Amino acid sequence: MRAAILQKTGQDTLDVRDDVEAVGFGPGTVRVRMHAASLCHSDLSAMAGVLPQPAPFVPGHEGAGEVVEVGDGVTGLAPGDRVVLCWMPPCGSCPACRRDQTHLCVASLRRLSTPTFRIGGDTDAYGFYSTGAFAEEVVVAADALLPVPDDLPYDLAALIGCGVTTGLGAAVNTARVEPGSAVAVIGAGGVGIAAVQGARICGAARITVVDPVASRRERALGFGATEAIAPDGLKSAARSVPGGGFDYVFEAVGRSETVRAGYDAARRGGAVVVIGAGAADDRVSFSLGELFFNEKRLLPSMYGGGDVRRTAGRAVELWRAGRLDLAGMITHRLPLTEVNEAIRQMRSGEALRTVLTVD
């Protein structure tokens with residue numbers, strides 16, 4: 001079958017090959033025929049080594065497909081079911097899960113060292129965070145699949161696997177944005193736009209999007225942003241908000257300088273919600289004095305900050321109600337063979353989400 005492979009961490013492009021096999025099918029696993037996969041910035045982070053992932057590997061974790069076969073012991077899934085990949089599924093029994101913080105469960109990370117693909121008949125490869133959506137077929141653990149209704153198209157369903165759930169959940173679950181509040185979102189990529197929509201759904205009165213790319217700023221206005229500015233306008237925008245800053249600032253970039261800028265733009269007693277997945281060695285500094293005096297809340301948000309199944313289900317219902325725009329988030333569509341063009345589009349800021357047609 002066909003799949004896109006990163007041969008070595010640090011490479012900028014993927015190798016699209018026809019001699020790849022999905023392996024590991026057996027008890028507790030499911031074989032899925034992929035139909036659509038979208039490119040998320042986390043895929044680029046894994047390619048660069050910012051996110052840990054053994055290589056060679058098949059990137060892609062925002063994907064949707066159809067169940068082909070289920071292994072022994074699998075319940076709740078059957079051939080023909082429409083599913084979305086879940087790149088960090090909760091185990092249900094660890095301390096985090098028992099505290100109802102299932103989004104913090106890391107049990108699935110043990111699977112990173114288990115090959116799920118084979119190249120050329122003799123070389124093991126891995127799926128990014130045990131998924132690997134840039135392939136025609138995947139074999140994953142049954143808990144790594146989220147069933148979705150048949151009326152949700154595959155290309156829209158793919159977005160729910162990460163970016164939409166992450167950004168929407170940050171607003172709804174982590175920040176719990178209050179009606180009438182003032183919100184800033186730093187970064188107008190897929191996760192940032194999902195946070196914009198989440199803030200709008202929660203009833204925010206002012207939503208300021210901050211991004212260096214003019215086309216992304218303009219696009220954000222169509223998703224509910226009330227203004228869109230370049231980064232050098234953030235300080236003046238914050239001063240114009242009653243109270244001297246935003247009630248909530250969402251950082252959807254994953255860099256220390258934007259976290260710091262978000263902290264400075266929040267009002268005293270406000271919240272800075274860190275959504276972006278940054279590097280382990282990228283550090284941000286705050287003085288003890290300002291932390292104490294300003295009482296600004298730092299709220300990291302992992303995978304939507306709540307039960308991923310519940311948040312994904314909420315996203316589907318909001319889409320059905322016409323309150324969550326999924327189709328508008330897809331700016332480009334390409335076949336899997338043109339995955340490197342999709343990577344170029346994301347790196348340049350040209351694309352919000354590029355969906356790869358896998359079948």
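Here is a chat about helices, sheets and cysteines in a predicted model.

Student: Okay, what am I looking at, and how is it numbered?
Tutor: It's a predicted model, where local features need pLDDT of at least 70, side-chain atom pairs count only at pLDDT 80 or more, and totals for chains, interfaces and linings use all residues. Residues are numbered from 1 along each chain as its sequence is written, and side-chain values use heavy atoms, with hydrogens and water left out.

Student: Let's start with H1. Is it mostly covered or mostly exposed?
Tutor: Mostly covered: six of the eight residues of H1 are buried. Buried means under 20% relative accessible area, exposed means over 50%, and partly exposed is in between (1.4 Å probe, protein chains only).

Student: Which residues of H1 are buried?
Tutor: Ser42, Asp43, Leu44, Ser45, Ala46 and Met47.

Student: And what covers them?
Tutor: The cover over the buried residues of H1 includes strand S4 (29-38), strand S5 (57-58) and H11.

Student: How do H1 and H11 pack?
Tutor: Helix H1 (residues 41-48) packs on helix H11 (residues 339-348) at an angle of about 100°, and their axes are 10 Å apart. That makes H1 roughly perpendicular to H11. Axes are lines fitted to C-alpha atoms, for helices over the stretch in contact, and angles run from 0 to 180 degrees between N-to-C directions. Under 35 degrees counts as roughly parallel, over 145 as roughly antiparallel, 65 to 115 as roughly perpendicular, and the rest as oblique.

Student: Which residues meet there?
Tutor: From H1 you have His41, Leu44 and Met47, and they meet Ile343, Met346 and Arg347 in H11. Contact means heavy atoms within 4.5 Å. By class, the residues of that contact are four nonpolar, one polar and one charged. Ala, Val, Leu, Ile, Met, Phe, Trp, Tyr, Cys and Pro count as nonpolar, Asp, Glu, Lys and Arg as charged, and the others, Gly among them, as polar.

Student: What comes after H1?
Tutor: Glycine 49, with a positive phi near 95°.

Student: Switching to sheets. What's the order in the six-stranded one?
Tutor: S14-S13-S12-S15-S16-S17, an open sheet with parallel pairing. Strand S14 (227-229) and strand S17 (297-300) stand at the edges with a single partner strand each, so one side of each has no neighbour in the sheet. The twist averages 20° from one strand to the next. Two strands pair if DSSP finds at least two bridges between them.

Student: Which strands does S12 pair with?
Tutor: Strand S12 (residues 182-186) pairs in the parallel sense with strand S15 (residues 246-251) over four bridges, and alanine 184 stands opposite valine 249 in S15. S12 also pairs in the parallel sense with strand S13 (residues 206-210), over five bridges, where isoleucine 186 stands opposite valine 210.

Student: Which residues of S12 are buried on each side?
Tutor: Ala182, Ala184 and Ile186 are buried on one side, and Val183 and Val185 on the other. In a regular strand the side chains alternate between the two faces of the sheet.

Student: What about H4, what does it lie across?
Tutor: H4 lies across S15, strand S16 (266-274) and S17, running at about 135° to S15. Helix H4 (residues 163-175) also packs with helix H10 (residues 308-320), at about 95° with the axes 10 Å apart, and the two are therefore roughly perpendicular to each other. That contact has seven nonpolar, four polar and one charged residues.

Student: Is cysteine 105 buried or exposed?
Tutor: Buried, at 1% relative accessibility. Cysteine 97 counts as buried too, at 9%.
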